[in-house]
Amino acid sequence: MDVKGHAALVTGAGSGIGAETARALARAGARVAVLDLNREAALAVAKEIGGLGVECDVSDAKSGETAVAAARAAHGPSRILVNVAGILIPGRIVGRDGALPLEKFARVIEVNLIGTFNMMRLAAADMAGLEPLADGERGVIVNTSSVAAYEGQIGQVAYAASKAGIAGLTLAAARDLARLGIRVLTIAPGLIATPMMLTLPADVQKSLTDQVPFPSRLGHAEEYARLALHMIGNVMLNGETVRLDGALRMGPK
Ligand code: NAP
């Protein structure tokens, strides 16, 4: 679909990849709701792009419902959801202090996997009530996995499991929502230059980018946003996870 004039939800949009995607959607003419756990960050990005900033914990059913309702009240039901919110809590299964605390594993699954599903179910319920566009399309959902879904590194069991879960639900969700004319796609980024990544020392950044065959550099959040917009615009793309990684295949550490 052409995003112009449609309402869009972007989670984790107060920072990094989510913020850049919110900017790109707004430039393309969408009315964007900027959802983030960090209220100040959400409001700042929303102000910059003329959107709506909403505090939202994607892992919480009530918080998700309240945020989607706020966006609906301001912009009408959204035809577009880009699920970007995510966390990484590293930890070995058996570390210096013994077994990985179960809460750490559970929290990463809660935010990354359950949070993605929580926002998907709420957004899809709104999309289901909209009039179909060309090709019978009612909406599009773009999720964010990671190359760690395929090549999880040491200390990334929780993160890798959560991101593999997102890749794994993509086809099932696309099939499930097909009768409603809602597409589901996932982007699996490699190494993207977000504030988190850019705080790493220069030598660590270099050792990471040396592993990327071509182009041998960090990816830009804007490259993610461009792929997300293409996915939204191309009605034949559905049920697939696309790697955005310069052919990177991560080693064990
Ligand atoms: P980021 O700059 O840390 O942005 C993530 C945003 O999500 C932050 O604003 C964060 O808020 C928010 N957030 C965290 N927990 C949330 C929750 N429960 N509900 C709502 N919002 C929440 O990270 P990024 O680098 O842009 O990454 C974005 C996504 O891409 C993540 O899913 C990440 O796993 C994935 N990814 C990133 C890379 C990379 O190289 N950067 C590679 C592969 C995949 P707070 O700041 O308050 O925590």
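## A walk through the predicted model

Gly98 is found in strand E6, residues 98-99, where helices (H or I, at least four residues) and strands (E, at least two) are DSSP runs numbered from the N terminus. This is a predicted model, in which local features need pLDDT of at least 70 and side-chain atom pairs count only at pLDDT 80 or more, while totals for chains, interfaces and linings use all residues. Residues are numbered from 1 along each chain as its sequence is written, and side-chain values use heavy atoms, with hydrogens and water left out. With a relative accessible area of 29%, Gly98 is partly exposed; buried means under 20% relative accessible area, exposed over 50%, and partly exposed in between, with a 1.4 Å probe and protein chains only. From Gly98 to Asp176 the separation is 78 residues in sequence and 41 Å in space, C-alpha to C-alpha.

The next topic is the packing of two helices. H1 and H8 pack with their axes 8 Å apart and at an angle of about 50°, the axes being lines fitted to C-alpha atoms, for helices over the stretch in contact, and the angles running from 0 to 180 degrees between N-to-C directions. That angle makes H1 oblique to H8, because angles under 35 degrees count as roughly parallel, over 145 as roughly antiparallel, 65 to 115 as roughly perpendicular and the rest as oblique. On the H1 side, the contact (heavy atoms within 4.5 Å) is made by Gly16, Ile17, Glu20, Thr21, Ala24 and Leu25, and on the H8 side the residues include Ala221, Tyr224, Ala228 and Ile232. By class, the contact of H1 with H8 has nine nonpolar, two polar and two charged residues, where Ala, Val, Leu, Ile, Met, Phe, Trp, Tyr, Cys and Pro count as nonpolar, Asp, Glu, Lys and Arg as charged, and the others, Gly among them, as polar.

Glu20, one of the H1 residues in that contact, also forms a salt bridge with Arg23, the closest N and O atoms being 2.8 Å apart; a salt bridge is a side-chain nitrogen of Lys or Arg within 4 Å of a carboxyl oxygen of Asp or Glu. Glu20 and Arg23 are three residues apart in helix H1 (residues 16-27), so about one helical turn separates them, and Glu20 counts as buried at 19% relative accessibility. By this rule the count comes to 15 salt bridges, among them one between Arg39 and Glu40 at 3.7 Å, N to O. Here Arg39 is partly exposed at 43% relative accessibility, whereas Glu40 is exposed at 53%. Asp245 and Arg243 meet in a salt bridge of 2.7 Å, N to O, and both belong to a network of salt bridges that links Glu151, Arg243, Asp245 and Arg249. Asp245 is buried, with a relative accessible area of 12%, while Arg243 counts as partly exposed at 23%.

Some features of the backbone remain. Most residues other than glycine have a negative phi, and most peptide bonds are trans. Ala247, in the segment after strand E9 (241-244), has a positive phi near 70°, and Asp135, in the loop between helix H4 (102-128) and strand E7 (139-144), has a positive phi near 65°. Asp135 is exposed at 66% relative accessibility. A cis peptide bond with omega of about -5° joins Phe214 and Pro215, and Pro215 has its place in the loop between H7 and H8.
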